[in-house]
Structures are given as structure tokens and as C-alpha cells.
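Thanks for coming, everyone. I'll take a few minutes on charged pairs and on one helix packing. Please have a look at the structure first.

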Amino acid sequence: MKFSIKNQLPFLILFGFGINYFAQQTYRDNKFKNISDTGKVNRANRLSEKYIEEANYEKAFYYASEAQQLARSIKYQDGLAKSYKNTGTIYFYEADLENSIEDLLEALRIFKEIKNQNGIAETYLTLGSAYIDGPDYSKSLNYFSMGLEIYKQLENKKGIAKSLQDLGVVYINKQDFKAASDYLFKALNMCREINNNKGVSLALINIAYINVTQKRYPKALEYLKQALEEASGSKELIITIYASMSNLYEKQRDFEKAMKYYKLSESINDSVKNQKTIKEIYEMQAKHESEKNEKEMQMLRQLDVIKNLDLKKNRITIYFTITAFILAALLSIVLYNRFRIKRKSNELLTSQKKVIEDKNKSILDSIHYAERIQRSFIATKEILDENLHDYFVFFKAKDVVSGDFYWASKLSNGNFALATADSTGHGVPGAIMSLLNITSLEKAIENTNQPSEILNETRKTIIMRLKKDGSAEGGKDGMDASLTVYDFKNKKLSIAAANNPVWIIRGTKLIDIKADKMPVGKHDKDNVSFTQQEVELQTGDVVYTLTDGFPDQFGGEKGKKFMYKQLKELLISIALLPMQEQKEILKTSLNNWKGDLEQVDDICLIGVRI
């Protein structure tokens with residue numbers, strides 16, 4: 001009969017299993033032969049813990065079971081308790097809570113019997129984690145609290161920090177954010193004291209989550225940035241931080257940044273998976289080479305024996321050798337196929353990259369077209385030149401399109417209105433919101449000339465239009481704005497301001513016109529009228545209106561905000577200079593402050609000399 005691999009495959013596989021079995025037995029027999037029995041148990045437990053950390057639960061369970069069996073046979077209680085703790089931990093990660101709790105309670109019983117306080121505390125924390133998703137949190141809190149007390153007695157700062165972190169997470173689940181914050185800040189301080197950077201990062205991530213839940217988004221972002229600095233290169237922590245940032249920006253409806261950090265999170269996650277795959281391939285190669293070398297050594301040792309065997313035994317040996325080589329060849333084919341699949345995947349990724357680049361170009365073209373549309377709504381140079389004799393406009397969008405805008409119009413009584421505004425969001429969402437805000441202003445001036453009434457009418461229109469946005473709150477978007485109405489004939493300035501201030505510099509004195517602490521949009525005080533303030537102007541006065549982009553820009557040696565105080569001092573120092581020269585100084589000051597950092601928001605600052 002003609003020989004073929006297909007016909008001989010069952011026979012070859014049978015021999016392959018035989019080779020593998022004897023190789024494993026030899027490895028297992030020699031692995032611990034120079035170690036004491038208790039040393040073997042401890043080594044097996046350490047290997048189990050190592051594989052638990054790597055999420056390789058099959059190998060982790062194998063070594064934990066090996067430790068358990070040997071520890072029981074030699075009555076080594078400490079090793080037996082640790083093996084039960086390891087199997088309980090593995091069951092927990094595999095969501096088999098019933099077996100997890102059973103093994104953890106057995107570990108706890110033995111640790112108490114031998115009075116191993118560290119073991120008792122560690123098991124309490126693992127039991128607390130097993131109950132953390134239960135119908136009530138009392139068991140989880142009890143176990144974490146008992147673990148904390150033992151670690152305090154032992155003065156084990158690492159254990160104390162871990163217990164405090166765990167208690168903080170339980171109180172987050174209970175929605176008791178005050179208690180959660182107390183425990184997490186204690187954990188944070190303890191981790192900093194012992195230079196546990198990863199623990200610091202984890203505490204900051206949880207504290208940031210509390211701030212996101214309570215809608216304290218700027219504070220949450222600060223904590224996440226600190227967490228990123230402390231992550232010590234841990235890809236798992238960095239993935240979590242970027243995912244948290246994506247969630248934060250999504251809550252703020254800044255979808256562009258939300259997508260940016262989501263992609264970063266996914267990119268790192270993919271690289272971790274790829275590294276794991278490559279590691280598995282190399283392990284297979286190493287195993288293959290080891291087995292191949294071992295088999296070659298076995299064959300050399302068997303040469304002397306073959307001389308004394310009869311023909312039948314020689315035939316079996318030859319078959320055995322051929323089988324080993326065929327299995328090695330099959331393994332090589334499998335490895336080659338895996339690399340070939342990987343190469344095809346890379347080719348597919350290159351193709352997908354081209355598609356993404358084409359789509360990005362299409363999106364950018366659309367955004368640039370949107371920018372031209374938005375530009376047609378804001379105040380034109382013609383209307384500003386016609387009504388203002390000496391002025392500058394410093395306008396710098398964060399992206400191509402902007403949530404900030406400046407708008408101007410001649411009113412029916414002959415006065416000139418100028419608005420400086422910051423719409424909710426920036427980028428494309430902010431730009432769309434700015435168009436709604438501008439059209440609402442244009443509608444309002446059809447009925448009134450008073451700035452306070454203009455903002456009141458604008459607010460009504462915005463709220464009514466956003467009622468249909470589909471959100472449960474009924475549309476809380478709008479804008480912060482300062483509306484200045486100039487009566488140049490009588491040198492009077494009428495002002496209504498929503499969150500954005502108006503500054504007037506007279507000589508070296510700055511007059512701060514305070515804004516109402518509410519936006520032009522849905523708010524708990526949206527039935528309260530905006531305040532109208534009147535100012536007698538003098539020749540030489542410079543009126544500045546602005547959004548929060550300039551003072552909120554991060555930079556300087558310590559990466560802090562520019563702040564309103566520093567901006568006031570800068571404007572006072574340059575107010576007597578020509579207006580265009582002022583604009584250049586502001587631009588240079590901002591760039592020097594920002595350095596290599598990203599622009600954080602749209603910027604709009606307008607100066608008008610009387």
C-alpha cells in the first residue's frame with residue numbers, strides 16, 4: 001500500500017501523545033528533584049500566583065492543584081492554605097463564585113488554625129472581592145474591614161493601601177461617594193508614602209470616576225492626567241485611563257476628544273493582544289526547539305541500545321523516530337501558517353489605513369466647508385470697520401470650526417451691538433450651536449434694542465428650539481456671552497453679560513463689569529432677567545470683551561492656567577499702545593505661555609478704543 005501522511009495520521013498522533021506524555025513525566029520528575037518537599041509546594045504556589053497575574057488560569061490551576069496535592073501528603077498546612085487561596089482566586093476570576101468562596105473559606109480556616117496573620121488578611125480581601133457584586137455589600141465591607149484591621153496591626157502599609165482601595169470601590173458601588181472619597185484619598189496618601197505608583201494611579205482613576213459621576217468634569221480630568229503620570233508604563237492602567245477620559249468627554253458632549261481617547265485606548269489594547277500572540281508564538285517555538293533537542297539527545301542515547309535489539313524492536317524505534325520528526329515538521333508548518341496569517345492581517349491593516357485616510361480627507365473637506373458657512377454668520381470686517389474706528393479682534397479657534405463667535409449688528413435706534421460669545425462645546429458641535437445662538441440673537445433684535453432684553457429673548461428662543469433634542473433634560477446647551485451696545489453719539493455703553501465679563505481700561509485703571517452667573521440657555525434661574533448695566537464712556541477708554549479660552553490656557557513652567565488676573569495685568573500694561581500692536585502682543589504672549597502644549601479651548605478677545 002502506498003504510504004501517505006493522511007493514512008498514517010492516527011498512528012502518528014498516538015505516538016505523538018506518547019512522546020509528549022513521557023517528556024512531561026521526565027520534566028515533572030526532574031523539575032523538583034533537588035528541592036525539599038516544602039520547597040516544591042512553595043515553588044508551585046509561586047508559579048500559580050505568577051500565572052494568575054498573567055491571566056493564564058489553566059496553568060495557574062495546574063500548579064495550585066500540584067501544590068495542594070503535595071502539601072496535603074506531607075501535612076504542610078501553610079502551603080495547603082495558600083494553594084486553596086490560589087484556587088479560590090482562580091475560580092473568582094472565572095466567575096465561579098460558589099467554588100471560589102468554598103476554597104477561600106477553607107484557606108481562611110487553615111490560616112487561622114496556624115495563626116498566619118498575613119494569609120488571613122489576604123484571604124479576607126479576596127473574599128471581599130468575591131462578595132462585591134452581591135445583592136448587598138455588608139459581607140464585602142466586613143471582609144475588607146477585617147483585612148484592614150489585621151494589616152494595621154502588622155503595620156503592613158502595602159496591605160493597608162490595598163484594603164483602603166477596596167473599601168473605596170465598595171462605597172462607589174453603594175453610591176456613597178463621600179465615604180468612597182475618604183477611603184480612596186487615604187489609599188492615595190498611603191501609596192504615595194510607600195512609592196507605589198501603580199496604586200497611586202489606581203486611586204486617582206477611582207477618584208476621577210466619582211467626580212465624573214457628580215459632573216465635576218474639570219476636576220475629574222485633572223485626576224486622570226495625574227493618574228496617567230503615575231501609571232509607571234502599565235499598559236492596563238493606561239488603557240483604563242484613556243477609556244475613562246473618553247467617557248468623560250462623551251459626558252461633556254465633546255465627541256471629538258471622546259473618540260480620540262477611545263481610539264488611543266483601543267490601540268494600546270490591540271498592541272497588548274498582539275504582544276501576547278507574539279509571546280505565545282515564541283513560546284511554541286522555544287518549546288518546539290526544546291522538544292526537538294531533547295528527542296535528538298534521546299536518539300543518540302538509544303544508538304547503543306539499538307545494536308542489541310532484535311529486528312522488531314529496531315523497526316519500532318525507527319517508527320518512533322520518524323514520528324518525532326514528522327510531528328516536528330507539522331509543528332513547523334503550523335507556526336509558518338500563523339506567521340502567514342499575521343502577514344495577511346498586516347496587509348489588510350494597510351488597506352484599511354488607506355480607506356481611513358480617504359475618509360479623513362472627506363471629513364476634513366466637509367469641516368472646511370462648514371467653517372466657510374460659519375464665517376458668513378459672524379461679524380464681517382465691513383460692519384466692524386463701518387462702526388468701530390479703532391479696534392482689534394483676536395480670534396483663534398481650537399479646531400477648524402469654533403464654538404466661540406463674535407457677532408455685530410446695527411440696532412433700529414441707530415446704536416451698535418457687539419456680542420462676544422462662547423457656545424457649549426467646540427469643534428463641529430460647538431459650531432452648530434453657534435449658528436443657533438446667532439440666529440436667536442438676530443431674531444431678538446427685531447423686537448428690542450436693550451441688551452438685557454435681547455439676551456432674555458435669545459434665551460427663550462434657544463430653550464424652545466432645544467426642547468426637541470431628545471434628551472431627558474430638554475436641552476441644556478446655550479452660550480456664555482457679553483453683549484455691549486454702543487451709543488457713540490452720547491458716549492454711553494449698555495451691557496448685559498452672561499458669565500463673560502466686560503473690562504474697561506481708563507488710563508491705568510481697570511473697571512470690571514461683573515457678569516450674571518448664569519448662561520444664555522436652560523438653567524435653574526432661566527426665569528430671572530439679565531442685568532443691564534450703563535457706563536458713561538470717556539475718550540481714550542478701551543473696552544475689552546472676551547471668552548474664557550485665553551485665561552484657561554495651560555502653559556508656563558509649571559503647566560498651569562494663564563488665569564484672569566494675569567490677563568488683566570497684561571491688558572493694563574498694553575492698553576495705551578495702538579490696537580493692532582496690542583493684538584500682536586497678546587498673540588505672542590499666548591504662544592510663549594502655551595509652548596508645546598495643546599490649545600485647550602477656542603479663544604476670542606476683542607478690544608475697542610473710544
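**Charged pairs and a helix pair**

Let's start with Glu-193. This residue counts as partly exposed, at 48% relative accessibility. Keep in mind that this is a predicted model.

Which side chain does Glu-193 meet in a salt bridge? The partner is Lys-157, at 2.4 Å from N to O. Lys-157 is partly exposed too, with a relative accessible area of 37%. Now look at where the two sit. Lys-157 is in helix α8, residues 157-173. Glu-193 is in helix α9, residues 177-193. They are 36 residues apart, and the pair links distant parts of the chain.

How many salt bridges does the structure hold? The count is 22. As background, side chains of opposite charge can pair when their charged atoms come close.

Lys-219 and Glu-222 both lie in α11, which spans residues 217-230. They are three residues apart, about one turn of the helix. Their side chains meet in a salt bridge at 4.0 Å, N to O.

Now a third pair. Lys-398 and Asp-399 form a salt bridge at 3.9 Å, N to O. Why does Lys-398 count as buried? Its relative accessibility is 16%, and buried means under 20%. Asp-399 has 22%, so it counts as partly exposed. This pair is part of a network. Salt bridges with shared partners join Lys-260, Lys-398, Asp-399 and Glu-598.

Back to helix α8, this time for its packing. Its partner here is helix α7, residues 138-154. The axes of the two helices are 9 Å apart. The angle between them is about 160°. Because angles over 145 degrees count as roughly antiparallel, α7 is roughly antiparallel to α8. The crossing is left-handed.

Which residues make the contact? On the α7 side, they include Leu-141, Phe-144, Leu-148 and Tyr-151. On the α8 side, they include Ile-160, Leu-164, Leu-167 and Val-170. Ser-140, Ser-145 and Gly-147 in α7 also take part. So do Gly-159 and Ser-163 in α8. Lys-152 in α7 and Asp-166 in α8 are on the list as well. By class, the contact has nine nonpolar, five polar and two charged residues.

To close, go back to α8 on your screens. This helix holds Lys-157, paired with Glu-193 in α9, and it packs with α7.

How values were computed:
Residues numbered from 1 in each chain as written. Predicted model: local features only at pLDDT ≥ 70, side-chain atom pairs only at ≥ 80, totals over all residues. Heavy atoms only, no water. Helix = DSSP H or I, 4+ residues; strand = E, 2+ residues; numbered from the N terminus. Buried < 20%, exposed > 50% of the residue type's maximum accessible area, 1.4 Å probe, protein only. Axes fitted to C-alpha atoms, helices over the stretch in contact; angles between N-to-C directions. Parallel < 35°, antiparallel > 145°, perpendicular 65-115°, else oblique. Left-handed = near helix turned anticlockwise from the far one by under 90°. Contact = heavy atoms within 4.5 Å. Nonpolar A, V, L, I, M, F, W, Y, C, P; charged D, E, K, R; others polar.
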